[in-house]
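Please keep the sequence and the structure in view while reading.

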Amino acid sequence: MTKLEQEIRELHRTGQPFVLVSVTAGSGSMPRHAGARMLVRANGDTEGSIGGGALEANAVRQALRVFETKTDVEMPFALTSEEAARSDMICGGSGTLTFAYYPPERPVGGLMEDSGMLYT
């Protein structure tokens with residue numbers, strides 16, 4: 001079980017909401033590819049990574065908005081060579097991030113099944 005999976009299980013067990021940010025599509029040179037996940041807690045703390053740098057900082061800001069709306073969203077991103085050079089990213093590319101809001105009552109079993117674990 002990964003540290004991310006342990007944290008998902010613990011937050012669910014203790015009734016704490018979280019947002020799971022996932023790279024769901026991508027092309028070009030990206031810091032992390034489809035399947036990368038990052039958990040964001042209501043206080044902005046994170047577990048896991050979707051690639052670091054400006055992309056991850058923007059994702060945390062979006063995740064905190066998701067806590068307010070309690071609605072899952074998708075967000076396209078593009079890391080062009082120019083943008084990468086202006087930020088602390090060393091990769092370019094484009095893709096989609098999915099932000100899934102998990103209140104305490106939302107089942108997390110599918111999250112564990114994705115990694116070969118069964119947990120409800």
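## Order of elements

Read from the N terminus, the elements of the protein follow the order α-β-β-β-α-β-α-β-α. This gives four helices and five strands, where helices (H or I, at least four residues) and strands (E, at least two) are DSSP runs numbered from the N terminus.

## Basis of the model

The model is predicted: local features need pLDDT of at least 70, side-chain atom pairs count only at pLDDT 80 or more, and totals for chains, interfaces and linings use all residues. Residues are numbered from 1 along each chain as its sequence is written, and side-chain values use heavy atoms, with hydrogens and water left out.

## Confidence

The predictor's confidence in each residue is expressed as pLDDT, from 0 to 100. Its mean for the protein is 81, and 74% of the residues reach 70 or more.

Over residues 114–120 pLDDT stays under 50. For this stretch the model has 14 contacts (heavy atoms within 4.5 Å) beyond four places in sequence.

## Burial, surface and contacts

Of the 120 residues in the protein, 44% are buried; buried means under 20% relative accessible area, exposed over 50%, and partly exposed in between, with a 1.4 Å probe and protein chains only. The accessible surface comes to about 6400 Å², and carbon and sulfur atoms account for 50% of this surface. Areas come from the Shrake-Rupley method with a 1.4 Å probe; for residues, only the protein chains shown count as cover.

Among contacts between residues at least 6 apart in sequence, 57% join residues at least 24 apart.

## Aromatic pairs

The whole structure contains two aromatic pairs. Rings of Phe, Tyr and Trp (its six-membered ring) pair if their centres lie within 6.5 Å; planes under 30 degrees apart count as stacked, over 60 as edge-to-face and the rest as tilted. F18 and Y102 are stacked, at 5.0 Å centre to centre with 10 degrees between the planes. This pair links strand β1 (residues 18–27), which holds F18, to strand β5 (residues 93–102), which holds Y102, across 84 residues. Both F18 and Y102 are buried.

F67 and Y101 form an edge-to-face pair, 5.9 Å centre to centre and with 85 degrees between the planes. F67 lies in helix α2 (residues 53–69) and Y101 in strand β5, 34 residues apart; both are buried.

## A charge over a ring

The charged end of R106 sits over the ring of Y102, 4.2 Å from its centre. The criterion is that NZ of Lys or CZ of Arg is within 6 Å of the ring centre and within 35 degrees of the ring normal.
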